[in-house]
Amino acid sequence: MELEKLQNEVLRKIGRNVMLFQQMEHWLKFLSIYGSHSGYISELETILKDRAAAINKKTMRQVADQFLENTFSASEKNANEPEELKEIRLSFRFRVEGDDHLY
């Protein structure tokens, strides 16, 4: 009977950790999708849907690596910015700056 209680306690704690990892993965994917985007207003919905489809297929490790690379990047200029605008263009980027200790 004691062994069964211990097994149930271990499974309960493992289940809690699995749920926490799933929540972490969800928020990392959310931030990776919506944390940096750029495009014309008419194309923005499609851009975000395409990004969501691509990111939702990735593992948590791939998403975490991409998030760290994008969020802690020092680059400020958007390479895809057109010379002439044909309509309203929206660009948003969430970024964190800090020294190597923070990273």
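The legends below describe several close-up views of one predicted protein model.

**View 1**
Residues are numbered from 1 along each chain as its sequence is written, and side-chain values use heavy atoms, with hydrogens and water left out. Because the model is predicted, local features need pLDDT of at least 70 and side-chain atom pairs count only at pLDDT 80 or more, while totals for chains, interfaces and linings use all residues. The protein has 3 helices and 2 strands, where helices (H or I, at least four residues) and strands (E, at least two) are DSSP runs numbered from the N terminus. Read along the sequence, these elements follow the pattern α-β-α-α-β. Of the 103 residues in the protein, 16% are buried; here buried means under 20% relative accessible area, exposed means over 50%, and partly exposed lies in between (1.4 Å probe, protein chains only). Among contacts (heavy atoms within 4.5 Å) between residues at least 6 apart in sequence, 61% join residues at least 24 apart.

Helix H1 covers residues 2-34, and its 33 residues reach 48 Å from the first C-alpha to the last, close to the 48 Å expected at 1.5 Å a residue. The expected span of a helix is 1.5 Å times one less than its number of residues. The buried residues of H1 are Leu28, Lys29, Ser32 and Ile33, and these pack against strand E1 (36-40), H2 and H3.

Val10, Leu11, Ile14 and Val18 make a nonpolar surface patch of about 360 Å². Patches are made of residues with over 30% relative accessible area and no salt bridge, with like charges joined within 9 Å and nonpolar side chains (Val, Leu, Ile, Met, Phe, Trp, Tyr) joined within 5 Å.

Side chains of opposite charge can pair when their charged atoms come close. A salt bridge is a side-chain nitrogen of Lys or Arg within 4 Å of a carboxyl oxygen of Asp or Glu, and a search of the whole structure finds 6 of them. In one, Arg12 pairs with Glu9, the closest N and O atoms being 2.3 Å apart. Both residues lie in helix H1, 3 residues apart, about one turn of the helix. Arg12 is partly exposed at 43% relative accessibility, and Glu9 is partly exposed at 31%.

Lys86 forms a salt bridge with Glu43, and their closest N and O atoms are 4.0 Å apart. Lys86 lies in the loop between helix H3 (60-71) and strand E2 (89-93), whereas Glu43 lies in helix H2 (residues 41-55), so the pair ties together parts that are 43 residues apart in sequence. Lys86 is exposed, with a relative accessible area of 61%, while Glu43 is partly exposed at 33% relative accessibility.

**View 1. The two sides of helix H2.**
The 15 residues of H2 should span 21 Å at 1.5 Å a residue, and its end C-alpha atoms are 21 Å apart, which agrees. Its buried residues are Leu44, Leu48, Ala52 and Ile55. They cover an arc of only 75° around the axis, which puts them on the same side of H2; the arc is that of the directions from the helix axis to the C-beta atoms. On the other side of H2, Ser42 and Lys49 are exposed. What covers the buried residues of H2 includes H1, E1, H3 and E2.

In H3, the residues Val63, Phe67 and Thr71 are buried. They cover an arc of only 50° around the axis, and so they are on the same side of H3, where they pack against H1 and H2. On the other side of H3, Arg61 and Glu69 are exposed. Arg61 also forms a salt bridge with Asp65, the closest N and O atoms being 3.2 Å apart, and the two residues, 4 apart in helix H3, are separated by about one helical turn.

Definitions and conventions. Areas by Shrake-Rupley, 256 points an atom, 1.4 Å probe, with all protein chains shown as cover.
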